[in-house]
Amino acid sequence: PTQQETYSFQAEVVQLLDLMIHSLYSNKEIFLRELISNASDAIDRLRFAQLTEPGLDKDETEEELRIHVAFDKDARTITITDNGIGMSRQEVMDNIGTIAKSGTREFFQALTGDQRKDATLIGQFGVGFYSSFIVADRVTLTTRRAGQAAGEGVRWESDGRGEYALETVERPQRGTELVLHLREGEDDLLNHHRLRTIIQKYSDHISLPIVMPADGEEAGEDTVVNRGSALWARPKSEISDADYNEFYKHVAHDFTDPLAHLHSKMEGTYEYTLLLFVPATAPFDLWMPEARHGVKLHVQRVFIMDDTGQLMPNYLRFVRGVIDSADLPLNVSREILQSSRVVDNIRSSAVKKVLRLLKDLAEKEPEKYATFWREFGDVLKEGVPEDYSNRDEIAKLLRFTTTKSATDEPDTSLGDYVARMKEGQDKIYYLLAPTPAAAKGSPHLEIFRKKGIEVLLLGQAIDNWLVTSLPDFEGKRFQSVAQGVSDLGAMEDETEKEAGEKAGTELSGLVERLKKALGDKVSDVRTTNRLTTSPACIVADEPDLEMNLMRRMQGSGM
Ligand code: ADP
Ligand code: MG
């Protein structure tokens with residue numbers, strides 16, 4: 001062993017640990033779920049590495065891949081061991097002791113100091129490894145990366161208060177061993193039945209065997225305490241909602257139950273299984289350029305790789321879960337995936353199924369759909385310009401705030417809008433405005449209000465992109481109320497038309513004077529009968545100009 005070296009945690013880690021221990025204590029047993037989840041990930045990564053790194057397959061492959069959980073009553077420890085990929089010294093330093101997750105800063109800004117609210121946030125952020133400090137006041141991690149020499153083992157130890165020690169140790173076996181030295185008062189965990197119950201409750205879906213010594217202590221015959229088969233490969237009738245939820249938490253690294261899931265086995269030209277989830281809360285990195293896609297590709301139950309856009313399009317990047325193919329080779333590479341007909345086929349049917357799941361959710365559970373829309377609506381909107389072949393299906397899923405909405409919440413679908421259209425109305429009208437308040441005060445709406453015509457209020461930059469890339473909905477074209485001479489066509493009655501023409505002649509002198517005064521600052525000045533209380537308003541000729549106008553209003557705080 002070399003000399004021990006001491007390092008400091010990243011400042012955020014200390015803050016997070018403190019917060020976590022207090023906020024999550026009432027649910028302390030989740031530490032075991034998190035550590036087993038990590039062990040399972042490490043074994044998945046080993047299996048994949050063995051397929052691609054030739055040297056690794058000779059590394060103790062005879063040994064069965066498994067996760068081992070034991071306890072020692074006298075030493076007051078719980079030990080979790082896996083024979084997965086392990087970590088090098090550098091990996092330990094990078095992964096344990098720092099929070100590499102994107103969105104960390106945003107996360108800390110969002111904290112309120114309210115324990116209940118913060119616990120939810122921590123859940124969303126995901127605490128993983130650090131949850132061991134909920135029950136332990138000292139944690140010792142010993143690991144060796146697969147493929148490295150026995151002399152290159154690493155021991156990491158910390159009391160979670162700000163520093164950790166690292167040393168190089170001899171470790172003949174590959175993988176990671178984690179020893180939790182329990183806090184005072186946590187002795188109830190030193191119990192075979194208790195640990196077994198926790199494992200069955202949270203980790204039964206793990207597809208590897210989780211073994212415990214017969215009585216939980218080091219001696220005795222090992223017994224497998226979980227079912228140890230891949231959840232998605234089991235018949236649906238044998239899977240409870242709780243099983244699905246725990247599986248989701250494992251694959252998504254989330255603490256919150258999902259909103260909905262779909263599980264289907266496809267047998268046709270290609271054979272594959274989909275187990276996909278719609279989360280209830282957006283991850284912190286949803287809007288970051290490096291945002292993770294959430295679907296894990298498996299080939300015949302073996303984890304192959306995380307999706308980098310081949311399995312789910314960008315606008316469905318929030319979907320989490322597993323796709324397991326029976327037709328791809330185990331040593332499939334990213335390059336092969338990019339040009340694989342199998343993958344194209346799986347992707348297009350997975351996308352259709354997710355869109356149908358969302359449609360069902362919208363129809364059968366509108367409250368859940370409202371949650372979905374709040375969290376992911378703006379991401380789904382990207383699908384309209386992005387996915388031409390599913391554009392109509394996506395359009396039906398969109399929700400808007402309109403002049404008839406009860407609140408500022410987007411509660412109206414385009415289908416609702418069309419159903420409420422006035423006699424003679426052949427267009428879907430919209431107004432771009434930076435805020436609902438600005439929209440409501442807009443003079444452009446006056447004539448629409450007077451005639452009782454509903455107008456979509458669009459507030460996001462992407463909305464403009466949306467309506468310009470969606471030529472129509474059920475044959476009804478989109479028309480900005482602030483653009484050009486928006487002609488109300490058949491909805492204008494004769495007297496209005498006459499009044500308009502009359503005003504035009506009477507006010508021609510004023511119009512001429514205004515044109516002269518404004519010069520080339522405007523392209524035209526004209527009379528209108530669209531205003532009922534405001535004397536004048538500005539209209540734009542083209543969508544781009546209109547966007548510009550909206551941004552200026554935003555800037556001036558209107
Ligand atoms: P997450 O699992 O969401 O990445 P964790 O805090 O649970 O976050 O783990 C942080 C990282 O530490 C993991 O991504 C992994 O790289 C590493 N790690 C944790 N446990 C193990 C393990 N048993 N074997 C190998 N690497 C591990
Ligand atoms: Mg984890």
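This is a guided tour of a predicted model, one selection at a time.

**The whole chain**

Along the principal axes, its C-alpha atoms fill a box of roughly 100 × 55 × 40 Å. Of the 558 residues in the chain, 35% are buried. If you look at contacts with a separation of 6 or more, 71% of them join residues 24 or more positions apart.

**The sheet of nine strands**

Now select the open sheet of 9 strands and follow its order, β1-β6-β5-β4-β7-β3-β2-β8-β9, with mixed pairing. Which strands stand at the edges? They are β1 (5-8) and β9 (222-224); each has a single partner strand, so one side of each is left without a neighbour in the sheet. On average, neighbouring strands here are turned by 20° against each other, direction ignored.

Zoom in on β7, residues 175-182. This strand is mostly covered, with 6 of its 8 residues buried. Strand β3 (residues 77-82) pairs with β7 in the antiparallel sense over 6 bridges. To see one position in that pairing, show aspartate 82 and its bridge partner in β7, threonine 176. Strand β4 (residues 136-144) also runs antiparallel to β7, and 8 bridges link the two. Here, show arginine 138, whose bridge partner in β7 is histidine 181.

Move along to strand β8 (residues 210-213), which is joined to β9 by 3 bridges, again antiparallel. Methionine 212 stands opposite threonine 223 in β9.

Helix α2 packs on it and touches β2, β3, β7 and β8, with a direction about 20° from that of β3. Helix α7 (residues 192-203) lies across β2 and β8, running at about 175° to β8.

**Ligand 1**

Helix α2 (residues 30-52) gives the largest share of the shell around the ligand, 4 residues. There are 16 residues around ligand 1, and those that come nearest are Asn38, Ala42, Asn95, Gly128 and Phe129. Colour the shell by residue type and you will find 6 nonpolar, 8 polar and 2 charged residues.

**The sheet of five strands**

Select the open sheet with the order β10-β11-β14-β12-β13, which has 5 strands and mixed pairing. Its edge strands are β10 (260-267) and β13 (302-306), each pairing on one side only. From one strand to the next, the twist averages 15°. Strand β11 (residues 271-278) pairs with β10 in the antiparallel sense, over 8 bridges.

In soluble globular proteins, nonpolar side chains tend to be buried together. The largest nonpolar core in this model has 70 residues, and those with the most contacts inside it are Val319, Ile323, Ala350, Tyr430, Leu431, Val455 and Leu456. Helix α10 (residues 341-364) supplies the largest share of this core, 7 residues. Centre the view on alanine 350: leaving aside its neighbours within four places in sequence, it is in contact with Leu274, Leu276, Leu311, Met312 and Ile323. Another core lies apart from that one and has 51 residues, among them Leu24, Ile96, Ile122 and Val179.

Finish with some single residues. Arginine 76 is in the loop between β2 (67-72) and β3. This residue has a positive phi of about 55° although it is not a glycine. Arginine 76 is partly exposed, with 17 other C-beta atoms within 10 Å.

Histidine 253 lies in the loop between α8 (241-252) and β10. Its phi is likewise positive, about 55°, although histidine 253 is not a glycine. Around histidine 253 there are 19 other C-beta atoms within 10 Å, and it is partly exposed.

For the last stop, select glutamate 423, in the loop between α14 (414-419) and β16 (427-432). Is glutamate 423 buried or exposed? It is exposed, because 6 other C-beta atoms lie within 10 Å, and a residue counts as exposed with 12 or fewer. Draw a distance from glutamate 423 to lysine 296, 127 residues apart along the chain: their C-alpha atoms are separated by 50 Å.

Conventions. Residues numbered from 1 in each chain as written. Chains lettered and ligands numbered in written order. Predicted model: local features only at pLDDT ≥ 70, side-chain atom pairs only at ≥ 80, totals over all residues. Pairing = 2+ DSSP bridges. Axes fitted to C-alpha atoms, helices over the stretch in contact; angles between N-to-C directions. Near = placed C-beta within 6 Å. Nonpolar A, V, L, I, M, F, W, Y, C, P; charged D, E, K, R; others polar. Buried ≥ 20, exposed ≤ 12 C-beta atoms within 10 Å, placed from the backbone. Contact = placed C-beta atoms within 7 Å. Core = buried A, V, L, I, M, F, W, Y, C linked by C-beta atoms within 7 Å.
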